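Visitor: Hi! I'm new here, so could you walk me through this one?
Guide: Happy to, let's have a look together.
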Amino acid sequence: MSILNLGILAHVDAGKTSLTERLLHTAGVIDHLGSVDDGSTQTDTLELERRRGITIRSAVASFPLGDRTVNLIDTPGHPDFIAEVERVLDVLDGAVLVISAVEGVQAQTRVLARTLHRLRIPTLILVNKVDRTGARFTGVLDEIATRVSPSIVPMSHVGNLGTRDATVHTEIDLLRLADHDDDVLAALVEERPPPPLRVHDRVHPVYFGSAITGAGIEHLIDGITHLLPPASGQTAAPASATVFKIDRGAAGEKQAYLRVFDGTLRVRDTVGDDRITGMETFAGGATQTRDAITVGEIARVRGLTSARIGHALGVRSKKAHPAHFAPPSLETAVLAARHTDRGALHAALAELAEQDPLINLRQDDEVYVSLYGEVQKEVLQATLAEQYGLAVTFRETTTLYAERLTGTGEAVAFNKIDPNPFLATVGLRVAPGAGITFGLGVELGSMPAAFFTAVEQSVRETLQQGVHGWPIPGCAVTMTHSGYSPRQSHSHAVFDKSMSSTGADFRGVTPLVLMEALRHAGTVVMEPIHTFRAEVPDAAVIGLLPVLARLGAIPLSTTPWGRDAVEIAGEIPAARVHELQRRLPGLTRGEGVLESAFAKYADVSGRPPRRRRSGPDPTDRKEYLLHVLRRVGR
């Protein structure tokens with residue numbers, strides 16, 4: 001029996017969770033359809049999800065389709081929880097992108113579609129809600145072709161569109177298909193039956209249907225069964241898997257959700273420093289205890305206390321991808337309502353950071369977290385209250401800037417040579433790069449591996465706070481010098497750390513060397529920029545344009561949109577999006593609709609903003625050494 005790991009992705013409220021519910025019901029996994037509005041769906045299991053009617057955490061459910069087992073992963077649609085989607089993408093074999101027949105292609109739809117295309121994940125498109133008043137057919141197809149991909153093949157047609165009696169029947173547009181498939185074109189020219197449809201990352205079959213009534217869903221199921229490729233891998237190869245989710249069990253134990261790419265993982269297997277103590281797969285709306293899992297399977301595993309989201313276990317035969325979406329562009333301080341809860345608050349946030357590493361927990365006098373938006377802040381507040389009994393407030397949300405290298409730079413500190421007080425030689429070269437990379441320009445055997453690890457870890461930590469205190473998301477770091485003092489002791493005495501290098505020496509000197517190299521290279525501060533699309537009445541344009549100018553927005557296009565409406569598209573600083581959202585209803589008599597999504601970083605003009613640092617500051621050498629040397633006992 002083959003396995004398909006299938007992701008369901010959509011903009012919020014397109015009907016993604018309702019589709020998951022319909023698929024499970026059609027497959028016989030559940031007897032009754034749950035409702036998002038009633039909080040009774042199979043995959044929205046958190047009380048907060050049920051109460052708010054949105055998906056916050058990804059969830060797995062499994063069901064059979066003929067001779068295929070489908071592991072279905074329901075993901076959040078709200079852009080504030082895009083990090084949950086990112087973790088899932090590397091474990092998918094195929095995807096269904098859900099689009100509302102009423103609202104059409106929305107901001108998050110485009111972000112998801114671009115990412116699926118870039119990762120070459122075969123994708124079916126479902127235009128949902130054909131039973132809703134205002135549902136469209138040709139208009140939505142045109143939007144998909146313009147804003148998602150021109151390489152689409154309509155697979156069905158709708159009768160009684162926009163009514164509860166909407167019906168869907170199969171009708172493949174062979175002329176459109178021939179535009180993307182030479183074999184189909186040849187068959188049409190030669191007047192012979194076309195070959196079977198082939199789905200790949202550049203051609204997307206488009207189905208229409210209703211998750212609520214079930215109309216057209218059987219056609220989508222046929223596509224899932226026959227068009228999307230199954231999981232592949234080598235059963236006899238060494239075990240390799242990727243962790244895509246972390247949560248805690250009823251007793252507080254860590255549980256890692258992973259997908260196996262090659263080989264077999266068994267209970268009692270040793271993985272790094274951990275040992276697997278138990279595992280369950282998903283079947284029939286429940287979990288099933290297993291002794292082993294193999295190629296393509298998804299399981300919840302216990303015992304992997306060192307596991308982190310994105311970690312590759314074993315030797316990955318499938319190349320891991322870098323971050324798929326932009327990092328959070330907002331930051332806020334979290335304040336405990338009771339001073340005595342400060343320790344408990346940090347512990348709770350540290351546990352939540354295991355489940356969502358992109359909140360980038362950091363602490364100085366206060367605890368800071370990174371955010372994608374205000375809804376995420378509300379959910380964090382509710383989670384801390386309900387799961388940990390902690391009442392919290394937040395400081396005003398601020399923009400999370402970033403730094404960019406403008407050149408290359410080098411620095412070195414030598415062991416036992418002033419002004420280096422650490423028993424370690426570290427030399428580093430930095431250059432602009434895509435993501436954070438660390439390489440060796442020295443022999444791997446020139447010092448113990450643990451010391452190289454200490455340097456790399458310190459490099460990655462230090463780059464979270466660059467010259468101006470902001471993260472540096474792109475930097476290629478090469479270690480150019482290395483050296484250490486071997487383990488020594490006085491005559492007839494035990495080991496003396498004052499004479500011998502330790503990991504603390506390398507962790508202490510690396511931030512100083514790296515910061516000096518960054519200063520030689522030069523950095524500039526960048527601010528996050530969003531694209532925006534505002535649909536407004538014609539009469540509102542003259543009042544909206546001056547407001548956009550004051551907010552620093554740059555309109556790039558103005559296009560007629562429906563009757564008596566205009567679509568204004570452009571760019572706006574991320575820091576001003578919330579203000580535009582707040583003002584738009586008053587400027588458009590409540591008729592305006594705004595969508596925005598991260599697009600890029602742009603250099604800040606004028607004096608760059610600085611960020612208050614957490615921890616010792618390597619830009620202030622004297623203060624840094626006083627703090628670090630005291631900590632390591634030197």
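Guide: One term before we start: contact means heavy atoms within 4.5 Å. Also, this is a predicted model.

Visitor: Okay! Which residues is Asn5 in contact with, leaving aside its neighbours within four places in sequence?
Guide: With those neighbours left aside, Asn5 is in contact with Asn71, Val91, Leu92, Asp93, Gly94, Ala231, Arg259, Gly296 and Ile298.

Visitor: And where is Asn5 found?
Guide: Asn5 belongs to strand 1, which covers residues 2–10.

Visitor: Is Asn5 buried or exposed?
Guide: Asn5 is buried, because its relative accessible area is 0%, and buried means under 20%.

Visitor: What does the side chain of Asn5 reach?
Guide: It reaches the backbone oxygen of Gly296, at 2.9 Å.

Visitor: You mentioned Val91. Where is that?
Guide: Val91 sits in the loop between helix 3 (82–89) and strand 4 (94–100). Val91 counts as buried, because its relative accessibility is 0%.

Visitor: What is Val91 in contact with, apart from neighbours within four places in sequence?
Guide: Its partners include Asn5, Ile73, Thr242 and Phe244. Arg259 and Phe261 are also in contact with Val91.

Visitor: How far apart are the C-alpha atoms of Val91 and Leu6?
Guide: They are separated by 8.8 Å, while the two residues lie 85 residues apart along the chain.

Visitor: New topic: which residues form a nonpolar patch on the surface?
Guide: Val412, Phe414 and Ile417 do, and together they have about 240 Å² of accessible area.

Conventions:
Residues numbered from 1 in each chain as written. Predicted model: local features only at pLDDT ≥ 70, side-chain atom pairs only at ≥ 80, totals over all residues. Heavy atoms only, no water. Patch = residues over 30% accessible without salt bridge, like charges linked within 9 Å, V, L, I, M, F, W, Y side chains within 5 Å. Areas by Shrake-Rupley, 256 points an atom, 1.4 Å probe, with all protein chains shown as cover. Salt bridge = Lys/Arg side-chain N within 4 Å of Asp/Glu carboxyl O. Helix = DSSP H or I, 4+ residues; strand = E, 2+ residues; numbered from the N terminus. Buried < 20%, exposed > 50% of the residue type's maximum accessible area, 1.4 Å probe, protein only. Polar contact = N/O pair within 3.5 Å; in protein donor to acceptor, adjacent residues only side chain to side chain.
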